[in-house]
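Please look over the model shown here, with attention to how its parts are arranged and joined. The notes that follow are grouped by topic.

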Amino acid sequence: MSEKFTGSFTQQEALPDAAIEAALQVLRHGRLHRYNVTEGELGETALLEQEFAAQVGAKYCLAVASGGYALATALRAVGVKHGDKVLTNAFTLAPVPGAIASVGASPVFVGVTEDLTIDLEDLAAKADQADFLMLSHMRGHLCDMDRLMQICDAAGIVVIEDCAHTMGAAWNGVASGRQGAVGCYSCQTYKHVNSGEGGLFVTDDAEVAARAIMLSGSYMLYERHLAAPAPEVFETVKYETPNISGRMDNLRAAILRPQLRDLKSQVARWNERYQVIEAGLRDLPGLTLVERPEAESYVGSSIQFLLLDWSAQTCRR
Ligand SMILES: *Cc1c(COP(=O)(O)O)cnc(C)c1O
């Protein structure tokens with residue numbers, strides 16, 4: 001082998017010129033707060049929400065301050081209360097059980113298979129223990145989403161999807177985040193689009209959307225949204241929903257819009273590299289790749305393999 005990779009697997013790329021231009025425009029006019037718009041101006045954040053809703057085929061979209069904020073907002077908006085239990089897969093990242101803890105609920109952990117996805121047998125066995133599932137598509141691996149939704153629908157479990165690693169992915173052609181009641185995405189630097197910090201929330205449920213918008217800190221300005229339910233839906237919601245400010249701002253939204261337009265070609269670039277690395281790792285003794293199911297359109301922004309039956313010490317080395 002003569003070729004040696006000397007680049008960085010993890011360092012973020014520069015932002016595209018279109019994002020830099022869009023950011024400069026916002027900086028030049030100074031209207032960074034999402035509701036600070038001039039007569040007739042729609043605002044970058046509202047436009048971002050409208051575009052992302054269209055991109056994933058959702059009725060409603062809300063842009064927020066982080067992926068973790070989107071998750072906690074989703075739990076509140078679907079009605080998780082203090083003391084409730086929330087099913088969640090055990091292979092995850094701290095902000096996921098953290099979101100559950102932040103609303104005073106407690107996690108019921110569900111096992112994970114060697115495909116690194118939620119163990120659906122274990123989920124079925126625990127389905128009577130909670131009314132909610134926070135499903136984290138950890139490292140971009142999608143489980144059999146049709147089977148998962150069958151289990152959850154049959155048990156009356158409301159599903160929230162953590163799509164921090166699956167923005168741009170799909171299961172049987174359905175965009176990740178669109179099977180559950182709510183899909184949550186992260187836009188921070190280590191994810192698929194980069195605004196430093198940021199999150200997106202999508203749903204088809206008008207009341208859930210209205211509650212999330214009020215929670216995020218819309219005050220009485222929800223009519224300035226372009227991917228929100230009709231004002232009537234807010235009539236009761238606005239008097240019952242606390243404000244827990246966590247809005248997206250126009251600078252981040254401006255940076256994100258061109259990146260979302262490029263997402264498809266970025267995914268193609270990442271997957272090309274993924275497949276090269278995967279081919280290089282295939283058939284290495286002792287190393288087990290995670291095979292990608294036919295129904296899964298994945299985003300190969302990271303790669304996982306298993307070292308089954310290795311000692312912890314050897315794994316570390
Ligand atoms: C990054 C991440 C989040 C939360 O995103 P933040 O924007 O950092 O709050 C949630 N779940 C997973 C699996 C993540 O990797």
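**Briefing on the predicted model**

Three strands form an open sheet in the order 7-6-11, with antiparallel pairing (strands being DSSP runs of E with at least two residues, and helices runs of H or I with at least four, numbered from the N terminus; two strands pair if DSSP finds at least two bridges between them). This is a predicted model, in which local features need pLDDT of at least 70 and side-chain atom pairs count only at pLDDT 80 or more, whereas totals for chains, interfaces and linings use all residues. Residues are numbered from 1 along each chain as its sequence is written, and side-chain values use heavy atoms, with hydrogens and water left out.

- Strand 6 and strand 7 run antiparallel and are joined by two bridges, and Ala170 has Ala175 in strand 7 as its bridge partner.

**Domains and their interface**
- The protein chain is divided into domain 1 (17-261) and domain 2 (263-316), with bounds that come from an automatic or database domain assignment, and the centres of the two domains, taken over C-alpha atoms, are separated by 27 Å.
- Contact, meaning heavy atoms within 4.5 Å, involves 19 residues of domain 1 and 15 residues of domain 2.
- About 1500 Å² is buried between domain 1 and domain 2, with carbon and sulfur atoms giving 58% of that area (buried area is the accessible area, for a 1.4 Å probe, that two parts lose on being put together, summed over both).
- Within domain 1, the most area is lost to domain 2 by Glu114, His141 and His192, which together account for 31% of what that side buries.
- Eight residue pairs, both residues at pLDDT 80 or more, are in polar contact across the interface of domain 1 and domain 2 (a pair of N or O atoms within 3.5 Å; within protein, one must be able to donate a hydrogen and the other to accept it, and residues adjacent in sequence count only if both atoms are side-chain atoms).
- Strand 6 (170-171) and helix 9 (250-261) each supply at least two residues of the side of domain 1 that touches domain 2, and helix 9 gives the most, with three residues.

**Salt bridges**
- The structure holds 13 salt bridges (a side-chain nitrogen of Lys or Arg within 4 Å of a carboxyl oxygen of Asp or Glu), while the count between domain 1 and domain 2 is zero.
- Arg34 forms a salt bridge with Glu49, with the closest N and O atoms 2.7 Å apart; because Arg34 lies in the loop between helix 1 (17-29) and helix 2 (44-56) and Glu49 lies in helix 2, the pair ties together parts that are 15 residues apart in sequence.
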